[in-house]
Every structure is written in structure tokens, then in C-alpha cells.
Amino acid sequence: MAEVTKYQLINGGNLVSDVKSLFSILKTRRTMAFAYGFMLAFVVFTAFLAFNSSSTSSYLPSFSNIFSGRNFVGSNSSNGGSGFLSYLFPNGSVQQSNPAIPPMAPEGDLPRSSNVTAPPRPSTVEKEPPRVKNRTEESVLVNSPPPGNQTLDSAVSPPPPTQQPRGTVKNDTQSTPVPDVTNSNRTESPKSPPVVDDQVNGSVLKSNPLKNGSSSAVEKNVPTNSDSDSGESVNQNGWFESLKNCDFFDGEWVPDDSYPLYKPGSCLLIDEQFNCYLNGRPDKNYQKLRWKPKKCDLPRLDGGRMLDMLKGKRLVFVGDSLNRNMWESLVCILRNSVKDQTKVFEANGRQVFRGEAAYSFIFKDYNFTVEFFVSPFLVREWETPDKNGKKKETLRLDLVGKSSDQYKEADIIVFNTGHWWTHDKTAKGKDYYQEGSHVYEDLNVLEAFRKAMTTWARWVDKNINPMKSIVFFRGYSATHFSGGQWNSGGQCNSAIEPIKNETYLRRYPKKMVVLEKVLRGMKTHVTYLNITKMTDFRKDGHPSIYRKQKLTEEERRSPLRFQDCSHWCLPGVPDTWNEILYAELLLKQPRRT
């Protein structure tokens with residue numbers, strides 16, 4: 001019985017333990033089944049999100065970032081793991097330590113200028129290949145905060161205007177208003193214009209139109225000439241727009257006590273023929289007139305600025321004695337702007353500038369030359385045998401002047417012709433004009449002039465490199481002989497005031513109409529300096545009887561019979577031609593706005 005009871009207890013105990021074991025087993029399997037089921041569901045849900053992240057990103061942005069290419073593509077496994085764990089444990093130790101960096105934006109919204117392509121962790125940021133930055137980008141980078149503290153917004157935002165360094169060029173959205181140019185007539189000007197170095201037709205000119213050295217400060221704008229009324233000088237954009245839209249040659253002469261540009265008698269390089277002051281001309285008002293275009297003020301010619309602008313260049317005048325007049329004017333203006341004038345000299349040591357075929361003034365400190373080549377017709381003077389075997393003078397309408405090879409590579413060339421076409425031989429055209437071996441028995445002077453200008457234009461188109469050289473053509477300078485011509489007793493000594501009424505001006509010369517038509521047909525751009533009208537006003541500006549100091553016996557007997565009413569006193573009218581040349585050079589410089 002005891003054994004039965006014992007057996008029963010044992011069996012009963014086994015039964016109880018078996019039941020407990022069974023429940024334990026069932027409990028474990030249920031848990032496992034539940035766990036497996038949950039894991040399977042999680043995997044399925046996770047896979048669904050992974051392959052359809054674009055559709056879920058709008059309402060689960062943080063979750064979708066787990067599978068974003070920014071966390072895994074192109075990064076190591078630790079980056080991927082940290083991204084996943086940071087999602088599961090947002091407050092854990094794997095969270096990024098820089099709280100200033102916001103969450104990454106979707107790839108489609110990333111700015112083009114940003115170079116952030118890896119997770120926002122400085123040690124794992126992938127960098128774009130290096131590229132050349134423009135000046136605007138460089139100015140942004142200069143003013144940006146250090147990279148370690150930089151957010152995406154600060155990486156692409158422009159710097160505040162107050163942090164912009166001097167000399168940086170503003171874009172259109174940063175530009176400042178331009179004051180009205182009509183009241184801008186003082187030589188004083190505001191500070192800090194943009195400074196730009198650029199190229200003109202392949203020839204470098206400093207596009208800050210201000211002089212870096214002599215009389216004006218580096219950061220002043222181009223000064224305009226002043227009226228009697230007060231006003232502010234235009235800033236760089238203002239003067240450019242003012243000059244660009246202005247006809248320099250439509251205007252009037254106005255009194256200005258700040259003229260002339262250099263003191264009379266201060267330039268010993270002026271030919272006796274032009275030096276009215278030393279030749280005893282008593283009146284001075286002809287020196288104190290300034291040309292005022294109707295729609296702008298010309299910049300006052302700053303010799304030091306012009307020298308800075310033309311360092312290392314050749315500026316060449318080619319033509320007749322009126323271009324010599326202009327050449328001597330510019331030499332005096334520029335020389336008087338140099339501190340050490342011993343470093344300005346004629347290449348061959350000449351002191352008189354008549355009788356030679358070419359002259360060149362060297363400005364040693366600037367490696368710059370101002371040259372003059374004598375070529376009164378721009379085509380070649382010639383000699384050919386006549387019927388009797390003797391040589392006679394002709395003008396080859398099919399050949400340019402023989403000095404042309406010496407100046408064709410100059411940086412700036414100013415051509416002119418005109419006065420010699422009014423002389424008897426050229427005006428009559430009898431047995432004088434030649435093409436090839438053919439001498440015309442009779443050829444109208446206008447047709448001869450057209451042929452000559454066409455030959456010159458073809459030579460320019462063939463030989464002048466427009467990417468290197470700037471070409472000007474200065475128009476016809478008016479004469480004022482009264483009662484005869486230059487060789488027949490014409491006079492102008494009684495004129496001490498300019499013409500003030502346009503109705504008394506003469507018609508535009510027909511030869512200049514021909515010239516303009518030729519210029520329009522050229523491939524090379526030529527800037528036409530149409531000074532005819534502005535010179536026609538100035539009947540008071542010629543040397544007249546003050547053309548020389550020592551008169552011949554015949555000249556003493558009839559001093560009024562020998563007058564120069566075609567050239568100009570210096571200082572005087574040609575100084576204004578050079579002011580216009582200066583303004584044109586300023587306009588031809590490329591600009592950044």
C-alpha cells in the first residue's frame with residue numbers, strides 16, 4: 001500500500017510536473033511564435049517603407065531618412081549604423097554633437113551652390129571637385145563665417161552689404177542708385193568706386209578711370225568739367241551712362257576760368273607756329289573756353305590718369321600738320337603731369353618738329369610713347385616721268401603712305417587728312433592723281449578723295465588687328481580765312497570771340513560725307529571724331545599774325561597778308577580734341593556692373 005501510495009505520489013508528482021512542463025513548453029512556444037510573427041511583420045513593413053520611401057516621406061520624414069542615400073550611399077557602414085541607431089534611440093549617445101546643423105533637406109531641394117553631399121558630420125562630408133570661382137563667389141566666401149559653424153543657409157547666402165570688401169564688384173541686385181548726371185559738374189567726387197582691371201580689344205587698359213598716382217586720389221570717380229553752378233560729380237556708373245548716351249560733338253563753348261589745361265608758356269615743346277603766347281598774342285580769352293556737349297559734361301583730361309591707363313602702350317597720330325597740332329597738345333598735357341620731366345624726351349633728341357617724317361616722345365617711367373607720322377593724304381606721294389622724261393609729282397590713290405608698316409601694330413592710332421585736299425593741285429585734279437601706271441588727265445577731287453579713303457580703309461581692314469588696336473579718325477578742322485585763302489591774303493586776326501550763333505556756321509564738308517560713307521563700309525571699327533562743327537565756332541583760336549617771332553622782310557612789309565587761320569594756338573582748341581579722345585578711351589574700357 002505504501003508502495004502504491006508511493007507510486008501514486010510519484011506518478012502523481014510526475015503528472016503534476018509533466019503538466020507544469022507542458023505549460024512551460026506551451027508558454028515558450030507561444031512567446032516564440034509571437035516573437036517570430038512580430039519580427040516577420042516588422043520585416044515586411046520595413047521592406048515596404050524601404051521601397052516606397054518617396055510616398056511616405058511626407059508624413060514620416062525621420063523614418064524615411066533611415067533609408068536615404070545620403071546616409072548609406074557613398075558612406076561607410078558606421079555611418080549607416082549610426083543613422084539607423086539614431087532613429088531608434090533619438091536621445092542616445094550616437095546623436096550628432098553639433099546642434100546648430102539642421103536636419104538634411106530632401107535631395108531635390110539642395111541648393112546648387114552647396115557642396116554638402118554626405119551626412120551632416122564634418123568628418124564624413126564628401127567634397128565636390130575644386131572649380132574656379134568667379135569674383136562674386138569669392139567675395140561671398142571672404143565674408144562667410146568659418147566652415148565649422150556654417151549652416152546650409154549661410155553657405156549660400158550673400159554676405160551683408162556692410163561686410164563687402166573694397167573693390168569687389170557688385171551684381172545687379174546689389175547696385176546702388178545712380179545720381180542724376182545733369183547736375184554733376186564738380187571735379188570733386190565721392191569715394192570708393194569699383195576698381196577693375198580689364199582688356200580693351202586685347203590691349204589691357206585699367207578700367208578704373210581714376211589716376212593711381214598724381215593729382216587725384218585713387219578712390220575718386222572720374223571728374224567732369226564744371227559749370228558755374230554747383231553740383232556733385234557723377235559716380236562711375238553715372239558718368240559712364242552719361243557719356244555713353246552723349247553726342248560729344250553737339251554743344252557749345254562756355255567760359256571756364258579753370259582752363260587751360262596747362263599754363264601758357266610752360267611747355268617749351270610747342271612749335272613756334274602754334275605758340276601764340278610766346279609770339280606775343282595779347283588777349284587770353286581764347287584759352288579760357290571749354291567745350292560743353294548738350295547732354296553731358298566731358299571728363300577733364302587728367303594727364304596722370306591717362307598715363308597710368310596707357311602704360312606700356314603706343315599712341316600714334318598719323319596725318320597732316322593739324323594732327324601734329326593735336327600731337328603736340330597731348331605731349332604737353334601728359335608731360336606737365338609727370339614729376340620728373342627729364343624722363344620725357346623725343347626719341348632722337350629733336351627740339352623742332354617740322355621737316356622729319358616721324359617723331360616719338362618717350363615717357364620712360366610709363367614705358368609709353370606718343371608718336372607722330374607725317375602722312376598728309378594718308379596715301380602715297382609719288383613721282384612719275386612725264387612725256388618729256390622729266391619727273392612730276394603725282395598722288396598714288398592705290399597705295400597707303402610708306403610709313404604704314406611702322407605704326408600698324410600700335411595700340412591706339414589717330415588718323416586724319418583733309419587740308420591738303422584743298423590745295424590748288426589736288427583741287428584741280430589735272431595730271432596729278434595716279435593708280436598703278438595710269439595718271440588721270442582730269443579727276444574730280446571728291447572722286448579722288450573717295451578712292452584714297454577706300455585704299456586707306458582696305459589697308460586698315462587687312463593690317464590692323466582689332467583685338468589689339470583701337471582706331472580713330474579725326475574729322476576736318478574748320479578754317480577761317482576771310483578775304484582770301486592761306487596763300488592769297490586770307491585773314492582772321494580781328495577775331496577775338498568765337499561764333500555764338502549756329503546759323504553762321506558753314507555747311508558740313510562734302511569730303512567728310514564721303515569719308516563717313518567709307519567708314520560705314522569697313523570691317524574694322526573706326527571711331528570718328530567729328531570735330532568739324534565745334535571748330536567752326538572757334539574763329540578766334542587761330543595763330544593769325546602770331547604765328548612766328550621772326551618775320552621775313554616781305555612779312556614785315558605786309559604783316560596782315562601772312563596769317564595762319566587753319567592751325568590752332570596752344571594751349572587752345574586741340575586740347576579739347578584730346579579731352580574727347582580721353583573720354584572715348586574711358587568708354588572703350590570693359591565694365592562690370
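Predicted model: local features only at pLDDT ≥ 70, side-chain atom pairs only at ≥ 80, totals over all residues.
User: Which residues of helix H14 are buried?

Analyst: A residue counts as buried when its relative accessible area is under 20%. In H14, residues 510–520, that holds for Lys511, Met512, Val514, Leu515, Val518 and Leu519. They lie on the same side of the helix, because the arc they cover around the axis is only 155°.

User: Which exposed residues are on the face turned away from the buried side of H14?

Analyst: That face carries Lys510, Lys517 and Arg520.

User: At what angle do the axes of H10 and H17 cross?

Analyst: Angles of 65 to 115 degrees count as roughly perpendicular. The axes of H10 (residues 321–335) and H17 (residues 573–587) cross at roughly 75° and come within 8 Å, so the two helices are roughly perpendicular to each other.

User: Which residues of H10 and H17 meet?

Analyst: From H10, the residues are Leu322, Asn325, Met326, Ser329, Leu330 and Ile333; from H17, they are Pro574, Asp575, Trp577, Asn578 and Leu581. By class, this contact has seven nonpolar residues, three polar and one charged.

User: Where is glutamine 406, and which residues is it in contact with beyond its sequence neighbours?

Analyst: Contact here means heavy atoms within 4.5 Å. Glutamine 406 sits in helix H11, residues 404–407. With neighbours within four places in sequence left aside, glutamine 406 is in contact with Arg314 and Phe373.

Terms used:
Residues numbered from 1 in each chain as written. Heavy atoms only, no water. Buried < 20%, exposed > 50% of the residue type's maximum accessible area, 1.4 Å probe, protein only. Helix = DSSP H or I, 4+ residues; strand = E, 2+ residues; numbered from the N terminus. Arc of directions from axis to C-beta. Axes fitted to C-alpha atoms, helices over the stretch in contact; angles between N-to-C directions. Parallel < 35°, antiparallel > 145°, perpendicular 65-115°, else oblique. Nonpolar A, V, L, I, M, F, W, Y, C, P; charged D, E, K, R; others polar.
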